[in-house]
Amino acid sequence: MTVTFSKVGVVGAGAMGRGIAQIAAQAGSEVLLFDTQPAAVAKALAEVFGQWDRLHEKGRIDADAAQRNKALLKPADNLAALADCDLVIEAIVERLDVKQALLAEIEGIVAPSAVLVTNTSSLSVTAIAAALKRPQQFAGFHFFNPVPLMKVVEVIAGLKTAKAACQQLAAFARDMGHTPVQAQDTPGFIVNHAGRAYGTEALRIVSEGISDFATIDRILRDQVGFKLGPFELMDLTALDVSHPVMESIYRQYYDEPRYRPSVITAQRLAAGVVGRKVGEGFYSYIDGKAQVAPEPPTPQVAEMPPVWVSTRAARRSELYQLLKDLGAKIETGQSPSPQALSIVAPLGFDITTVAVVERLDPSRTVGIDMLIDDAATKRRVLATNPATRADMRDAAHALFARDGKAVSVIRDSGGFVTQRVVACIVNIASDICQQQICSPKDLETAVTLGLGYPIGPLAMGDRWGPTNILEVLFNMQTVYGDPRYRPSPWLRRRGAIGLSLLHEENQ
Ligand code: NAI
């Protein structure tokens, strides 16, 4: 197999440059690594060589492969050494002026046919290209950290990038064992754009006093299947990295409300409470382990009241069956008796509004999130309203915990935690499709590989019903009067026909 680019220059030997150099050499390219700090190159080579030794020890590569890789990866003493590279990858400090100056210099050194790329995660590829004589030969090639393990790379076309350059880069990504996705040059490209909803909506929920960090993490892990809750994730990435990204994407989209960051992270960043690496973030860390307060116990309830289920509940028959299975005394009348606990299951609406609209006694009304089918979740989430009596809340908690499934109780909000976060994820993904930043297929690939979501955001919408997602958004828009919940036209149009199973040519 011949590799698409036989001689590759990598400039910047930091976390990213070294990983890129490693996988390029593994693909069979000769790789020259340059950095203004020679010590950085030496350190990078030592680390990558060490990786290959370890891979060999574990039997993942044979001795010949380790030796061949080492022979392919070499230090470069100066930029002139990159003269006959057919691809140069820039992975230096994230500053427009510094990247522009470096790439203009490289452009004067390499052959006109050479392709130059930047690994920028937040700057405009088009803006960097403005300093170049051959912008058609320049693109974004955005890898994720750690490069050898994160198997996706965004190929970003600037305004003047030639299609052929993008095709070569996609082929080279495959040579390296990575999956390329094609993106237009827009703030955050695909992955950092699609990832906006998870943290910001969770922060919004905390800022409204609906629930605490640890409960929100538990809910999103157990109900949706995210590997890390949003606060665990922010602790891992650290707020000195993630808060500026939130601000930058928001500002670059001219204050689009969907991406609005939170004062919570601004303040924590100012205080240096940035995450795991400093031992203190949303969680405290002792020996690298998050300290999590235990969940509140299931209340003991001496006498369980009868239960009435709203006729307008989402997944009503499923909810009814669940209550039966849990051994509830179910009332079947048109309205609840004066003793009954009323269970409502709205999409997007708050429990208070539902109680009033359905003419229920709010003090005996509790909500349950039924967006996701009960069998598919490991946790049930209940919500009180400000008038809910403690005995009714405790009865609902104990009842829904009878079969041993975890239960969280949150305060009233337009939409439950999962509804809010999932609806915002699906909505932002739909808007990425609307803006034609990438194909729906590449969006799903980029998000599952780049963000590690259990399924792509469009598949998520389809699994729990695009019309349900739309209902959540429409109703939340009513409750909050906030344009951040305005559904994307793409989602509105496809609500009835499904989001992911469509013909690409008609997108
Ligand atoms: P880093 O700080 O680990 O390494 C940057 C290296 O570039 C340093 O060794 C520095 O000495 C060198 N450098 C700085 N200016 C230079 C110049 N003019 N010429 C040659 N070398 C120079 O940075 P990291 O994390 O590797 O990031 C590099 C680029 O990749 C940035 O644009 C960043 O935004 C982007 N990126 C970073 C990700 C991450 O998770 N760290 C993920 C995706 C992209």
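Trainee: Where does T186 lie, between which strand and which helix?

Mentor: T186 lies in the loop that runs between strand β8 (179-184) and helix α7 (191-194), where helices (H or I, at least four residues) and strands (E, at least two) are DSSP runs numbered from the N terminus. This is a predicted model, in which local features need pLDDT of at least 70 and side-chain atom pairs count only at pLDDT 80 or more, whereas totals for chains, interfaces and linings use all residues. Residues are numbered from 1 along each chain as its sequence is written, and side-chain values use heavy atoms, with hydrogens and water left out.

Trainee: Is T186 buried or exposed?

Mentor: T186 counts as buried because its relative accessibility is 17%; buried means under 20% relative accessible area, exposed means over 50%, and partly exposed is in between, with a 1.4 Å probe and protein chains only.

Trainee: And which residues does T186 touch?

Mentor: Leaving aside residues up to four places away in sequence, T186 touches Y253 and I437, a contact being heavy atoms within 4.5 Å.

Trainee: Switching to backbone geometry, which residues does the cis peptide bond join?

Mentor: The cis bond joins N145 and P146, with omega at about -5 degrees, and P146 sits in the loop between β6 (138-142) and β7 (152-157). For background, most peptide bonds are trans, and most residues other than glycine have a negative phi.

Trainee: What is phi for A238, and where is that residue found?

Mentor: A238 has a positive phi near 80 degrees although it is a residue other than glycine, and its place is the loop between α10 (230-237) and α11 (239-252). A238 is buried, because its relative accessible area is 1%.

Trainee: What about D287, is it buried or exposed?

Mentor: D287 is exposed, because its relative accessible area is 79%. Its phi is also positive, near 50 degrees, again in a residue other than glycine, and D287 is found in the loop between β9 (284-286) and β10 (289-291).

Trainee: Now salt bridges: how many does a search of the whole structure find?

Mentor: The search finds 30 salt bridges, each defined as a side-chain nitrogen of Lys or Arg within 4 Å of a carboxyl oxygen of Asp or Glu. One of them pairs R486 with E256, with the closest N and O atoms 3.2 Å apart. That pair links distant parts of the chain, 230 residues apart, since R486 is in the loop between α19 and α20 and E256 is in the loop between α11 and α12 (263-271).

Trainee: Which residue does R389 bridge to?

Mentor: R389 forms a salt bridge with D391, with the closest N and O atoms 3.0 Å apart. R389 is partly exposed at a relative accessible area of 35%, and D391 counts as partly exposed at 43%.

Trainee: Which residues are linked in a network of salt bridges?

Mentor: The network of salt bridges links E201, R204, E208, R260, R420, D482 and R484.

Trainee: Back to α19, how many residues does that helix have, and what covers its buried residues?

Mentor: Helix α19 (residues 466-480) has 15 residues and reaches 21 Å from its first C-alpha to its last, close to the 21 Å expected at 1.5 Å a residue, where the expected span is 1.5 Å times one less than the number of residues. In α19, P466, I469, L470, V472, L473, N475 and M476 are buried, and what covers the buried residues includes α8 (196-207), α16 (417-434), α18 (457-464) and α20 (489-494). After α19 comes G481, whose phi is positive, near 55 degrees.

Trainee: Last one, which domains does the assignment give?

Mentor: It gives domain 1 (7-185), domain 2 (203-291) and domain 3 (307-410), with bounds that come from an automatic or database domain assignment. Taken over C-alpha atoms, the centres of domain 1 and domain 3 are separated by 55 Å.
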